[in-house]
Amino acid sequence: MDTITWFGHSAFKIDGGGASVIIDPFLAPSTGLKPADLGKADLVLVTHDHGDHVGCAIEYCRETQTPLGCVVGTAQALVERGLPQNLTLSSMGFNIGGTVEVAGMKATMAQAFHSSDTAVPVSYIVTMPDGLRFYHAGDTGIFQSMELLAKLYPLDLALLPIGGFFTMDAFQAAHAAKMLDAPNVIPMHWGTFPVLAQSPDEFFGYMKEICPATQCLRMAPGQSVEMEHLKKRNQ
């Protein structure tokens, strides 16, 4: 049974099919969560080099010997900050369009529209060993080729930023959800900082207008949801 856990901001852990992946393990102080709360994982993915996405990734991977995947350029920057070289996938990271396989999980790197100090921001489409496929958008604005990504990789779940200011706002994110056509959406990147939307309510309102068939999940930091509570693809 797949389990999706949100640790606040953009930090998620997905367990399923005997494997688990952590994405953007930034644990905001307001959540009260610690790296130990992440548990064991087979892979850590980082969408870009900003501190509120790298989070505790270096320390976590070093302590647990978990490999880290990120874009070429950012990978070397994280090595210079203390990530052991042998814990970077391929010892140098990978790049947009590339797919890596770890513990039966396939992670495909896709584009994102944001900023980065060391390389480029990215998103991920991850297929778990049991077939669950989800999209983690990272930090991004809306872009038309989200629709193409969804055609190439039909999704079960989309994890979308809604906070505005640094990323899509609620209105844009609802239109992104429509293009991605995932039966389930979890909003992220809200409530952490004063400049961000402080609630997902506006997003939920737009979703009712723009793609009412999509199930939107309201989660609290540290909360988990089982796949049995998600809508099935094409249901």
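**A walk through the sheet and its aromatic pairs**

Strands β8 (residues 122–127) and β9 (residues 133–136) run antiparallel, and four bridges join them. This is a predicted model.

Now step back to the whole sheet. Seven strands form an open sheet. Their order is β6-β7-β8-β9-β10-β11-β12, and the pairing is mixed. The edges are β6 (99–102) and β12 (215–216). Each of these edge strands pairs on one side only.

Next come the helices. Helix α5 (residues 170–180) packs on the sheet. Helix α5 touches β9, β10 (157–161) and β11 (184–188). The direction of α5 makes about 155 degrees with that of β10. Helix α6 (residues 201–210) lies across β11 and β12. Helix α6 runs at about 150 degrees to β11.

Turn to the aromatic rings. The whole structure holds eight aromatic pairs. Take Phe 94 and Tyr 124. Their ring centres are 6.3 Å apart. Their planes meet at 35 degrees, so the pair is tilted. Stacked pairs need planes under 30 degrees apart, and edge-to-face pairs need over 60.

Where do Phe 94 and Tyr 124 lie? Phe 94 is in the loop between α3 (74–80) and β6, while Tyr 124 is in strand β8. The pair therefore ties together parts that are 30 residues apart in sequence.

Are Phe 94 and Tyr 124 buried or exposed? Buried means under 20% relative accessible area. Phe 94 has 9% relative accessibility, so Phe 94 counts as buried. Tyr 124 has a relative accessible area of 0%, so Tyr 124 is buried too.

One aromatic cluster remains to be found: Trp 6, Phe 12 and Trp 190 form it.

Note on methods: Residues numbered from 1 in each chain as written. Predicted model: local features only at pLDDT ≥ 70, side-chain atom pairs only at ≥ 80, totals over all residues. Heavy atoms only, no water. Pairing = 2+ DSSP bridges. Helix = DSSP H or I, 4+ residues; strand = E, 2+ residues; numbered from the N terminus. Contact = heavy atoms within 4.5 Å. Axes fitted to C-alpha atoms, helices over the stretch in contact; angles between N-to-C directions. Phe/Tyr/Trp six-rings, centres within 6.5 Å; stacked < 30°, edge-to-face > 60°. Buried < 20%, exposed > 50% of the residue type's maximum accessible area, 1.4 Å probe, protein only.
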